[in-house]
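Hi,

Here's the structure I promised to pass on. Have a look at it first, and then read my notes below.

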Amino acid sequence: MSAEAEPTVKYKRVLLKISGEALMGDQGYGLHPPTVARIAREVKTVHDLGVEICMVIGGGNIFRGLAGAAQGMERTTADYMGMLATVMNALGMQAQLEALGIHTRVISAIPMDQVCEPYIRRRAVRHLEKKRICIFAAGTGNPYFTTDTAATLRANEMNCEAIFKGTKVDGVYDKDPKKFADAKRYDQVSYDECLQKNLGVMDASAIALARDNNLPIIVFSLDEPGGFRGILAGQGTYTTVKG
């Protein structure tokens, strides 16, 4: 079946961005291994199509820098703690992907050689060419930048054709669909409209960086089984942010 689907795949190299909260399952904190395993299986179905995949995972399920700063912690220290949380999530995802037989590399913007590779762009590109999944951890390595911005930066550096943003809802809405029954979903929305209406797709720095490099952002539901693979084959419900 994958051989039949392969010609219809729209993108050959993509970056999947998911939040740390997506790994919590029904828990209020930390990693929920069955949930991580389910997401890993979704990623495998796309990898099986021959698509080259990068990933960036947030750290909000363990520690969020902004939350720490809001409670009086020095912002730079809080952000570095958040970066370390993303490394923990990346290692958890790597373990599940490799249990499925997929060679995976965790690549950190903050060197920690005992647990993962340092970020070297050319080496990361080579991993992708060898069909290994690259999970980029520790954000950009700098405080004051979110993992959304890190995802857009890495997607551009790796020459990805699109960013797939996995969320709890099946696209971008004009207001929260869980609170408002009349919320309208966009099939397509421009970068500028996202910024002007503050639609919450990604933070402003990430949207601006994607716009400046004409990199489409595809927002879809991570809770929809087969959603990631379906969109790559031209099916499913999602919102495209471009132009």
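A quick word on annotations before anything else: UniProt positions are given here in the numbering used for this chain, feature names are shortened, and an annotation may be inferred rather than shown by experiment. With that in mind, an unreviewed UniProt entry puts the feature "domain: Aspartate/glutamate/uridylate kinase" at residues 12-221. Also keep in mind that this is a predicted model.

That annotated span is 39% helix and 20% strand, and its end C-alpha atoms sit 21 Å apart.

I'd start with strand β5, residues 133-137, where 5 of 5 residues are buried. Both of its faces are covered: Ile133, Ile135 and Ala137 lie on one side, with Cys134 and Phe136 on the other. β5 runs parallel to β2 (residues 52-57), joined by 3 bridges, and also parallel to β3 (residues 104-108), joined by 5 bridges. Ile135 has Met55 opposite it, and Val106 stands opposite Ile135 too.

Ile135 and Met55 turn up again in the largest nonpolar core, which has 38 residues; both are among those with the most contacts inside it, as are Ile18, Met93, Leu97, Phe164 and Leu232. Elements giving two or more residues to this core include β1, α2, β2, α4 and β5. There's also a second, separate core of 29 residues, and Phe136 is in that one, along with Val125, Met158 and Leu215.

What does Phe164 touch beyond its neighbours within four places in sequence? Its contacts include Tyr11, Leu16, Ile218, Phe220, Phe228 and Leu232.

Cheers

Technical notes:
Residues are numbered from 1 along each chain as its sequence is written. This is a predicted model: local features need pLDDT of at least 70, side-chain atom pairs count only at pLDDT 80 or more; totals for chains, interfaces and linings use all residues. Side-chain values use heavy atoms; hydrogens and water are left out. Buried means under 20% relative accessible area, exposed over 50%, partly exposed in between (1.4 Å probe, protein chains only). Helices (H or I, at least four residues) and strands (E, at least two) are DSSP runs, numbered from the N terminus. Two strands pair if DSSP finds at least two bridges between them. A nonpolar core is a set of buried Ala, Val, Leu, Ile, Met, Phe, Trp, Tyr and Cys residues joined through side-chain atoms within 4.5 Å. Contact means heavy atoms within 4.5 Å.
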